[in-house]
Amino acid sequence: MKKTVCPACGGETKRNGRTSSGRTRWRCKLCGASTTQNYDDTAKLLKLFVGWLLSKLTQGELGMPARTFRHLTSRFWTLWPVLPICDEVHHVVYMDGLWIGRAAVLLIACTDDYVIGCHLARSENSKDRGCLMSRIAPPDVLVCDGGGGIERARRAHWPQTKVQRCAFHAFEQVKRCTTTRPKLQAGAELYGIAKDLLHVADQDEAARWLVSFSDWCVRWDEFLKERAVVDGRRQYKHERLRKARRSLEKLCREGTLFTFLEDDVVAGGPVPATSNKIESNNARIREVLRNHRGMPVDRRIKAAFWWCYMNSEAPMTYGEMAKAFPDDAQIMEWRRRAAGLHASDDEVSRWGAGIVWAEFHSNGPWRSDYD
């Protein structure tokens, strides 16, 4: 226990009964002055709150009544864990978006070891991707699934960064068109070629794969040009196969399928062909949300932010977090100032691009602060 000293003379104190409210009274041995000691347990309670949020424990398994836990930690739901700007240059950075319900998407960037950035947005677009990239030093290679707007944002913010398209997502894009049991011979062959993409390990195998895909395109070109009249309009008979072919042709033209095999890239360190690392992180965040399912969407978003921050390179101590992190009121005020508004205006403050916090909070007469 922290030693209590006299606020008047700084002398040593001893216990001297309790006040009418039940608090311990301390009396100075030198001057006789009485005082009480205030203990700041914010860091301890924040650690308890974050530990519960990122675990499988229920509120009743924390050594206290669930209602007491909610009473002691409810203030921490207003905090927003903010990741600092990453100015360290990494060899490989993974980027992906995690949808939280249908309300918002959390854009996440990470390395093989930790999370380096996250940004909340309404959708996966180039503007919000750029907001995330602007807070991270350009890496040597970006591994991604080719989601909406990511290439446009990369050209604007990381023009010198090379892109490795996730091979598994490229295969999945073909599989959605052919299914796992294609009925047509052309579909069966294309499915096999796309599946072989997952096993390319060197430049010779990459060259053989490109040749096999080119041969398939030539062999089935006339077949894919076949048309039929549907509702009085001429349409391609095998549009799904044409779509699968276009997806692979685009990746071949861009040269992003086998970036991980290029000599100048490998010289800086190994680069994976898939984005499994960030997909693993997304799965762990979803597990946190499942463990506490039933939370309002704003709390689900904050739970995802807490996971990202606690898995960053150097999280602050809990005492520092409680002092440094902004709360809902501060963020709303920042957004009002950025929009040239005043605190008295009724217009809803926004965070990110198109995120209206009023849509995430319940404004009805019933309480919604229970889990």
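**Figure 1. Arginine 152, an exposed residue of helix H4.** In this predicted model, arginine 152 is exposed, its relative accessible area being 59% (exposed means over 50%, buried under 20%, and partly exposed in between, with a 1.4 Å probe and protein chains only). The residue lies in helix H4, residues 150–157 (helices are DSSP runs of H or I with at least four residues, numbered from the N terminus). Between arginine 152 and proline 138 there are 15 Å in space, C-alpha to C-alpha, and 14 residues in sequence. Local features need pLDDT of at least 70 and side-chain atom pairs pLDDT 80 or more, whereas totals for chains, interfaces and linings use all residues. Residues are numbered from 1 along each chain as its sequence is written, and side-chain values use heavy atoms, with hydrogens and water left out.

**Figure 2. Packing of helices H7 and H9.** Helix H7 (residues 203–219) packs with helix H9 (residues 239–254) at an angle of about 135°, the axes being 12 Å apart. H7 is therefore oblique to H9 (angles under 35 degrees are roughly parallel, over 145 roughly antiparallel, 65 to 115 roughly perpendicular, and the rest oblique). H7 contributes Trp209, Leu210, Phe213, Trp216 and Cys217 to the contact, and H9 contributes Arg245, Leu248, Glu249 and Cys252 (contact means heavy atoms within 4.5 Å).

**Figure 3. The largest nonpolar core.** This core has 73 residues, and Phe49, Trp209, Trp216, Phe258, Trp306 and Cys308 have the most contacts inside it (a nonpolar core is a set of buried Ala, Val, Leu, Ile, Met, Phe, Trp, Tyr and Cys residues joined through side-chain atoms within 4.5 Å). Helix H12 (residues 297–310) supplies the largest share, nine residues.

Notes: Axes are lines fitted to C-alpha atoms, for helices over the stretch in contact, and angles run from 0 to 180 degrees between N-to-C directions. Helices (H or I, at least four residues) and strands (E, at least two) are DSSP runs, numbered from the N terminus.
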